[in-house]
Amino acid sequence: MLVHPAVAWLTTRQLLTRRRAIPVVALAALPAAIALMFAIWGGERAAAGLYAELVTTLIIPVVVPLIGLLLGGTAFGTELEEGTAIHLLARPIPRHAILFGKAIVAVPAAALLGAIAALACGVIIARGFGDDGLILASTAASAAAGALYALLFLAVGLVTRRGMLIGLLYLALWEGTLATAFAGTRVLSIRQYALSIMDHLTAVGPEVFAAPLPLSTALWMTAAVTTACAALALYRLRTFEVNEST
């Protein structure tokens, strides 16, 4: 059994609790709220330029990673921190089925909410989908980034009980500072992968938006990070001792 349905259902119920759902939904709705304010009071600024700025400074760098952290980081992290993981790990369920049961909920949820954040913001600003493909490109890039961030933080949450803190430090120090300031570090930045995908899928010129990372590098690194995170999470879960969760 690749995915255990009971684990997937349990994870869905956990993510739908008010304590988790409200912050995630609020984050996903934030770009649309800001876009609405710009649409009402923002004057006649070009829609493509404004939307590209919101995507590259707010949605992909801030909103999508935090959604991935909240969903992926708590898929296992909360259970391990509270000690309730012992009840799950002690059951006769293959560890890979537990992992995929968690990931099949958290990862698509992060991708969906990231896509909604980008799509709703763009439709409000452009009053439609536009004709340059920027909105759909940003939606696809945000979905890819959300899924990858969720998988990364799911793995981190299995490795350490301070997964949320480490995730915040990673986003602030690496993604927010080092991977932006130095060209050599961009190859290890999920944000840069998303921007590269977005740049490839849209027809806007470099005066509106241009990604610094080549698409081929972004795609290879996306596959590498996905494989590494899945392998690390699976290894950690298979070698996890029940008494570690108590």
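Q: In this predicted model, which helix gives the most to the lining of the largest pocket?
A: Helix H2 gives the most, with four residues of that lining, and in this predicted model the helices H1 (5-15), H2 and H5 each supply at least two residues of the lining. The space in the largest pocket comes to about 160 Å³, and the residues that line the pocket include Arg20, Val24, Leu71, Ala109 and Leu112.

Q: Is Leu112 buried or exposed?
A: Exposed means over 50% relative accessible area, so Leu112, with a relative accessible area of 52%, is exposed. Leu112 is found in helix H5, which runs over residues 95-126, and Leu112 is also one of the residues lining the largest pocket. Between the C-alpha atoms of Leu112 and Gly146 there are 7.8 Å in space, although 34 residues separate the two in sequence.

Q: Which residues form a nonpolar patch on the surface?
A: The patch is formed by Leu36, Met37, Ile40 and Trp41, which together have about 480 Å² of accessible area.

Q: How many disulfides does a search of the whole structure find?
A: A disulfide is a covalent bond between the sulfur atoms of two cysteines. In this structure the search finds zero disulfides. As for single cysteines, buried means under 20% relative accessible area, and therefore Cys121, at 0% relative accessibility, counts as buried, while Cys229 is buried with a relative accessible area of 6%.

Conventions
Residues numbered from 1 in each chain as written. Predicted model: local features only at pLDDT ≥ 70, side-chain atom pairs only at ≥ 80, totals over all residues. Heavy atoms only, no water. Buried < 20%, exposed > 50% of the residue type's maximum accessible area, 1.4 Å probe, protein only. Disulfide = S-S within 2.5 Å. Patch = residues over 30% accessible without salt bridge, like charges linked within 9 Å, V, L, I, M, F, W, Y side chains within 5 Å. Areas by Shrake-Rupley, 256 points an atom, 1.4 Å probe, with all protein chains shown as cover. Salt bridge = Lys/Arg side-chain N within 4 Å of Asp/Glu carboxyl O. 1 Å grid on protein atoms, 1.4 Å probe; cavity = no way out; pocket = protein on both sides within 12 Å on 5 of 7 lines; lining within 4 Å. Points joined across faces, edges and corners; volume = space filled by probe spheres on them.
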